[in-house]
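These are my notebook entries on a single protein chain, written down in the order in which I looked things up.

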Amino acid sequence: MHVSKTKPKITIKKVILSTIAFTLAASPFVHTTYATSSKEAGLIASAETTQKAFEMQQASRMRSQQAKSQDQSPIQYQIKARLDEKDMTITGNQIVTYRNTSKDTLQELVMHTYADANRSKATQTIMYTSQNEQIAKEHPEKKASDFLGGIDIVKVTQQGEKLLFDHKNQALRVQLKTPLQPGQSISFQVDYRLDIPYGMQRISYYKDQINGAHWFPVMSVYDENTHQWNMTPYSTSFESDFYTSSDFDVEFNVAESYQVVMPGDITSKDSAEQGRKVVTARAANTREFAFFAGSNLKVERETRNGLTVEYFYSGDDPAKKAAVDKYIDYAFKVIAFYSEKYGEYPYPEFRVIETYVDGFGVEYSRLIQMPERAAELSPENDTTFVHEIAHQWFHALIGNNSETESFLDEGFADFSTVYFLEKQGNKVGGFRSIQLDPSPIDLPIASTNEQVGEMADYVFYQKGRQAIYQLYRSVGEQKFDAFMKEYFHRFVYQNATIDGLLGTIEDVLGKEQRQDMEKALIQPNFELKQEYQMSEKELAAYMHDAYQPQYEAVVNNIPNLPYEVMIRLMEKSFRGEPLTIVLGDQVSKAAAKQQEQATSQLTQIFDVFGMKYDVVRDRKELKQKLKREIGSSNLILVGNAKSNGIVQALKKNINIRANDIGLAWKDAMNASGHSGAYVIKHPYNQNRLMLHYYWNGNHLSAKASGSFMEKILESLTLSNDLYQFYELDGNGKLKTSKKVE
């Protein structure tokens, strides 16, 4: 018998859903999905058919797409650099050819020197702060200055003549001798020296690896509407990657032992210096050029119809190769999906590099950076991997100003992750994860990084993908895909804007759809339309599917976990075992009110997760069910031991079971004013559990009541502590407990 209760205005359900929405979000920070079941074979077959069709077309179209990209590049870099691994510096010179594609006459050229963000701790991104603090503790020999670095500009010349320049605030401003007219090109050379910081940053070294983003001065983007160069320093809270697709010809002199990972066609030859080599890379129309280097990197690769996927990793685990092979195969599947839905991946290679940067996946052009992956992890369970591949379309191919309009890359990448998972039949990571709508946020989706601060995940990722999903649902998949193909066609190798996105929506889908999307992006407090959210029943089913594997993982993967832990009762209920909540009877009004309050806390948890349960309040009903239903059910008892019929009927066995977990049950039940909870094996059913939330005396004190109710939520939801029992004093403060941390 299910008993529905009237819930208070501020419910535990809201607390749970708000936490869950954040936890399950498919962002680059937290990604949780689950493997596809056999029931979804039809959808998988469909995805495989798409992949085969893509592979057949890929080889024949690769050359024409590359030729197209070369024709469009307005900037060329010829870089010669030397990495000194002993003092961790790079000395380099680069010839940059820049074509003025604006209608303005330019008096100066501006380049970003984003590595200068490492000049001080105050300007470094806070994303890696905690990791660097931990590294500093582990390596006390390193000084604070070792975690800093930056670029020094030695000289800037044009045809051997020095050009005046100004270098500050992460911007290099070069004064031209002759103004650059629209359509004209200029070549100039920059000589520089880079100090690589220790620790974790976009450009940094740690152990035997070097992360190499922002390692050379890169051309800024000129805005002919404002007649200004972009000179914004790199964001301390998020990302500021804003580039023009360019052609790169790079010669990199490195130690012979180093494996170097870069975009493009890579070759290697011996250097004139003993023990060194020159690694060359050529990459046409590439948004940015990052490198990674390490002395212990291994690589696995596979080529299918003109596309080579390479995966670089460290370690000696023999099982890792098999896992890497699965990741490579999955990369082909993901690339095939996005190529079919949006537009073809035009490059002949795609690379993955695992680094020591824990917890973050980072996108770059033609390659992605991943945290180290355990050999047993399957790519089907790794949404970070899918998300970062999606960035090849929404960042690398379609660029944008990720300081002012991060929604355009993060929102689309996150929606695309969910789109792919939906078509793989993923019950948790698919569209239902978008329909789980957290509370509205008093910020527009089209906010800047500075405006959102620490709310980037909620605004750009969760709300951003919801706005795109709403468009998808409004027009249907066929029209949505057609719009995305046109959006790709208009902005591939270019920098998109929100205005450009809205213009494409209007041209392809109509003025009404443009207005809806404009409202969703520009106005604060966006909320998914009610008809696209899940019903209560659908939400409960989703929560059940989402959290059952997590509870199972906790109870199955902790070595020597006792049978009697409170969280196991949740895992058993997820599996469909019966659950009965039994309240004390013949109690005072105050005690009855608190019993109902505790029961409401419990039933809201079970309702959120779609679990079935019975509630028994009457002693007569309890006696009728005691032997049959209750004997085969997991139990939750609420209230004073002396007023609860189960406790009174079975207290001898309860005492024995409690002693098994180290609880002096009689003493606990007689401690004046105390309250708490304990879990034991069912008094006469070894395969079931009994959990008792109790208080001693007539009812809880006002001070203890709040803590008692909060502890119910803590004891049954995923947290760091898995309780066997705990005891609160008369003021609700934790007095003693037994738990697995």
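**Entry 1: a histidine in a helix**

I looked up His544 and found it in helix α13, residues 536–557; helices (H or I, at least four residues) and strands (E, at least two) are DSSP runs, numbered from the N terminus. This is a predicted model, in which local features need pLDDT of at least 70 and side-chain atom pairs count only at pLDDT 80 or more, while totals for chains, interfaces and linings use all residues. Residues are numbered from 1 along each chain as its sequence is written, and side-chain values use heavy atoms, with hydrogens and water left out.

Is His544 buried or exposed? With a relative accessible area of 18%, His544 is buried, where buried means under 20% relative accessible area, exposed over 50%, and partly exposed in between (1.4 Å probe, protein chains only). Not counting residues up to four places away in sequence, I listed Pro549, Phe574, Phe609 and Gly610 as the residues that His544 touches, a contact being heavy atoms within 4.5 Å.

**Entry 2: the chain as a whole**

I noted 19 helices and 30 strands in the protein chain, and 58% of its 741 residues are buried. Of the contacts between residues at least 6 apart in sequence, 72% join residues at least 24 apart.

For confidence I used pLDDT, the predictor's confidence in each residue, from 0 to 100. The chain averages a pLDDT of 88, and 90% of the residues score at least 70. Residues 1–12 have a pLDDT below 50, and this stretch has 23 contacts in the model beyond near neighbours in sequence. Residues 21–70 also stay under 50, and for them the model has 115 contacts beyond four places in sequence.

I found Arg688 in strand β28, residues 685–695. Arg688 counts as buried because its relative accessibility is 17%. Its contacts, leaving aside neighbours within four places in sequence, include Tyr563, Lys572, Glu577 and Asn634.

Ser237 lies in the loop between β13 and β14, and its relative accessible area of 26% makes it partly exposed. Which residues does Ser237 contact, leaving aside its neighbours within four places in sequence? They are Ile126, Asn449 and Gly453. I also noted that the C-alpha atoms of Ser237 and Gly453 are separated by 6.5 Å, although the two residues are 216 residues apart along the chain.

**Entry 3: pockets**

I recorded the search terms before the results: on a 1 Å grid over the protein atoms alone, a cavity is a set of points where a 1.4 Å probe fits but cannot get out, a pocket is an open set with protein on both sides within 12 Å along at least five of seven lines, and lining residues have an atom within 4 Å of a point. Grid points are joined across faces, edges and corners, and a volume is the space filled by probe spheres set on the points.

The largest pocket has a volume of about 940 Å³, and of its 33 lining residues Val221, Tyr222, Asp223, Phe242 and Asn495 lie nearest its centre. At least two residues of that lining come from each of β2 (89–99), β12 (222–223) and β13 (228–229). By class the lining has 10 nonpolar, 18 polar and 5 charged residues, with Ala, Val, Leu, Ile, Met, Phe, Trp, Tyr, Cys and Pro counted as nonpolar, Asp, Glu, Lys and Arg as charged, and the others, Gly among them, as polar.

The second largest pocket holds about 480 Å³. Its lining has 30 residues, with Gly264, Asp265, Ile266, Arg282 and Arg351 nearest its centre. The largest share of this lining, 5 residues, comes from β17, and the classes are 11 nonpolar, 9 polar and 10 charged.

**Entry 4: cavities and cores**

I found 8 cavities of 30 Å³ or more in the whole structure. The largest has about 110 Å³ of space and 13 lining residues, among them His214 and Phe289, which divide into 8 nonpolar, 4 polar and 1 charged.

A nonpolar core is a set of buried Ala, Val, Leu, Ile, Met, Phe, Trp, Tyr and Cys residues joined through side-chain atoms within 4.5 Å. The largest core has 76 residues, and Trp215 and Phe252 are among those that touch the most other members. Apart from it lies another core, of 74 residues, including Val309 and Leu509.
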